[in-house]
Amino acid sequence: LWPAAEYLSEYLQEHLDTFLDPTPPIVLELGAGLGLSGIYLAFLLQARSPGTTRVLLTDLAEALDGLTRHIHMNPTKDVDITAAELPWGDLDRIKTLIPNHEQNVLVIAADVVYYEHLFAPLACTLHYLCYEHRATVIIAHIKRWKKDNQFFAQLRKRGLHVSVEREEVGFV
């Protein structure tokens, strides 16, 4: 469990009204891993606006068994929460997961800026979601290397607005 996933969950709870007004039709978690942030957000949505949002937790195929198990261990009553494979950069797969008419999608991700060879596919995925689905993207990121800045530069080159909410986060 990455510290950024814990931070993202806390951040979403604290800023719920900011990102969920209006309530998005779909929440998409990229690189969900164990699914903490997406499952937690599903519980927050269940209390706030039951039945209005679909939560889709995505990762690579090898992570889906564990992700599906965590979804079943944390059932939600009024929020549709599912796991699906989504390799970054696979725009055809995104099109099968999210209907073309869905707009104002909320995309969340924690600790996904990690491997340099995945920067371009992740940037491609985010660019598509922002332009085709008017997505708002929230990434919780722990800066490890100077090369991490290259990823955010790629987003800016694609015309996406990138802002930093918090530069330093303390963990106990």
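The structure is a predicted model, in which local features need pLDDT of at least 70 and side-chain atom pairs count only at pLDDT 80 or more, while totals for chains, interfaces and linings use all residues. Residues are numbered from 1 along each chain as its sequence is written, and side-chain values use heavy atoms, with hydrogens and water left out.

Helix α7 spans residues 148-157, and its buried residues are Asp148, Phe151, Phe152 and Leu155 (buried, under 20% relative accessible area; exposed, over 50%; partly exposed, in between; 1.4 Å probe, protein chains only). Helices (H or I, at least four residues) and strands (E, at least two) are DSSP runs, numbered from the N terminus. Viewed down the axis of α7, the buried residues fall within an arc of 90°, so they line one face of the helix; the arc is that of the directions from the helix axis to the C-beta atoms. An α-helix has 3.6 residues a turn, so residues three or four places apart point the same way. The partners of this buried set are α6 (119-133) and β5 (136-140). After α7 comes glycine 159, with a positive phi near 90°.

The axes of α6 and α7 come within 9 Å and cross at roughly 35° (lines fitted to C-alpha atoms, for helices over the stretch in contact, with angles from 0 to 180 degrees between N-to-C directions). In this pairing, Phe119, Ala120, Leu122, Ala123 and Leu126 of α6 meet Asp148, Gln150, Phe151, Gln154 and Leu155 of α7, contact meaning heavy atoms within 4.5 Å. Beyond its neighbours within four places in sequence, phenylalanine 151 touches Val113, Phe119, Leu122, Ala123, Leu126 and Ile139.

Phe151 also belongs to the largest nonpolar core, of 28 residues, where Leu28, Leu30, Ile98, Val107, Leu122, Phe151 and Leu155 touch the most other members. A nonpolar core is a set of buried Ala, Val, Leu, Ile, Met, Phe, Trp, Tyr and Cys residues joined through side-chain atoms within 4.5 Å. At least two residues each come from β1 (26-30), α5 (91-97), β4 (106-110), α6 and α7, and α6 gives the most, with seven.

Helix α4 (residues 64-73) buries Leu64, Gly66, Leu67 and Ile71. These cover an arc of only 165° around the axis, which puts them on the same side of α4. The face turned away from that buried side carries the exposed residues Asp65, Arg69, His72 and Met73. Cover for the buried residues of α4 includes α3 (36-48), β2 (54-59) and β3 (80-85).
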